[in-house]
Amino acid sequence: MTGYEQYINDVESNNIIACEFIKLAVQRFRTFQSRSDIYFDSEKVAEVIQFVGLIKHFKGESAGKNFKLENWQEFIVANIFGWKYKHNNQRVTKNVFLFMARKSGKSAFVTALSLYLLIAEGEASPEIILAANSREQAKDTLLNTTVEFSKVLDSNEKYIKNYRNEIKFKSNKGKIKVVSADTSKLDGLNTSTFIIDEYHESKDNKMYSVLKSSQGNRQQPLSIIITTAGFNLQSPCYEMFTTAIDILRNTKQDDSFFSAIYTLDENDNWDDERVWIKSNPNLNITVSTDYIKGEVLSAKNNSSNEVGVKTKNLNLWCSSNEVWLTHDTIVKNSKKLDIKDFAGQVCYCGVDLSCVSDLTAVSFMFFDEKNDKYSFITKYYLPQSALTEHQQKEYYKKMHYQKQITMTNGNVVDYNYIKEDLLKINELCPIAGIFYDTYNATSWAIDCTDAGLNLIPFSQSKANFNRPTKELERLIRSDKVVIDNNLLTQFCFDNVVFHPDNHDNVKPEKTCNKNKIDGIISMVSALGGFFTIPKVDNDFDLFVI
């Protein structure tokens, strides 16, 4: 049995702990086996594996040893080189997306493949491009490794000649070349294969597009994207990641696109070492469990390290490159709250009102003076049309299904619905004040005031948000806050970043529109309002200055 066959069997039988996306990749392989228009070229796959085995490692504990592909790597080779169309014998796979944690050996793996593509695949005058976010990065991580590997195959450089920025193979006039990130200098390429390293760092897809367009004259073009996760959910890499998932789940069709996505599943605990192999297919081969355990412990002791560990060591996308309050901290301070349990108690309300058709958050804060506890319940409102029209409609559908959000009729914010909800809650729990942003809220504020609610403008400046923002952090870290266990609120906390002004004033901010923080703005507004108005007892008739 080949290594890739063993890997497929192990994933199917759960002998290997694999994430959903690897299981789907295995299912896709099985589906291909049943198709009548394609066939599997096992001899070609064996040829690639044998070629890579001729290469020797040159550093670390493996220095001097032959490059033996692990079973998961053989599985990738099988998917790239094995499947061919019957009508022309050309490869089915033309686009590859390899997504796994750092230290999984992906750079060495693809550079070994690049040498096969240069020397043995049979392409006429192959032109293989190595790219990254800078020429230096591509040289350091890809070309230098390729050069060392080539020296094993041809130590005297009789056939494989190494130059400063490229490698040439005399027999077929092929070359492996490093290119600059300056796309204006990439004219004239006739690329057969290109490899882009750490694609998550790319701010746009210009490099990818230029290289892709340079393959127009090739019958069997190949692109290989290798990357770990990042924190830019607006990046072309994240878009490719989501496209890969759609193809694996059969919501999109593209036989030419193969992906191997090694990451944790949605409900996995990131500090559970039993699931780390899902992100690290080379666990205890090129990266040890003890190493990851140390990194995770460091992140737990210092929240500023959390994003780095999650993205690099566990291959999880994060919404920002900084952490305000860790996800675990918020979860630890969350539990299911019911506003009916606070009947008769005074509450302070913060509102982050959407302008047109997006999310509105309304937070209710209750202060238990006896136990020095602050409880927050946040309600979210969204127009029904957002489930079909909004750019985040899939996420909102999920939140609606899990009853984390209230849908209102129409395609714009239903201000009247929110007002009526506030009136009902005011009857149950007297609202001392509703603190809101005056921008585009004049009509709504007048309606609420006419209905008997106490509307109080709350400035959105950093100077005004600074105290309640920092106080909310202090209270949460001191275990004096209870947050209603709402997944959308947890999502909002994950998205918060800070950009202090010259006086070190801060307020919760986000890196992009997708990264919602509405619930945090409404919570901080409620707490800030609590600090600014006279306190009332729970009978609502005694003011304490």
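## Aromatic pairs

Rings of Phe, Tyr and Trp, the last represented by its six-membered ring, are treated as a pair if their centres lie within 6.5 Å. In this predicted model, a search of the whole structure finds 37 aromatic pairs. One of them is formed by Phe29 and Phe40, with 5.6 Å centre to centre and 70° between the planes. The arrangement of Phe29 and Phe40 is edge-to-face, because planes over 60 degrees apart are classed in that way.

Phe29 belongs to helix H2 (residues 20-33) and Phe40 to strand E1 (residues 38-40), so their pairing ties together parts that are 11 residues apart in sequence. Phe29 is buried, with a relative accessible area of 3%, whereas Phe40 is partly exposed, at 24%. Both residues also belong to a cluster linked by ring pairs, which comprises Tyr4, Tyr7, Phe29, Phe32, Phe40, Phe75, Trp83 and Phe258.

## Charges over rings

The charged end of Lys310 is placed over the ring of Trp270, 5.1 Å from the ring centre. Arg467 lies over the face of Phe531, with a distance of 4.0 Å to the ring centre.

Ser214 is located in the loop that runs between helix H7 (206-213) and strand E9 (222-227). Its relative accessibility is 10%, so Ser214 counts as buried, the limit being under 20%.

Leaving aside residues up to four places away in sequence, Ser214 touches Leu189, Asn190 and Thr191. With Thr191, the side chain of Ser214 makes a side-chain to side-chain polar contact of 2.7 Å.

Methods: Residues numbered from 1 in each chain as written. Predicted model: local features only at pLDDT ≥ 70, side-chain atom pairs only at ≥ 80, totals over all residues. Heavy atoms only, no water. Helix = DSSP H or I, 4+ residues; strand = E, 2+ residues; numbered from the N terminus. Buried < 20%, exposed > 50% of the residue type's maximum accessible area, 1.4 Å probe, protein only. Polar contact = N/O pair within 3.5 Å; in protein donor to acceptor, adjacent residues only side chain to side chain. Contact = heavy atoms within 4.5 Å. Phe/Tyr/Trp six-rings, centres within 6.5 Å; stacked < 30°, edge-to-face > 60°. Lys NZ or Arg CZ within 6 Å of the ring centre and 35° of its normal.
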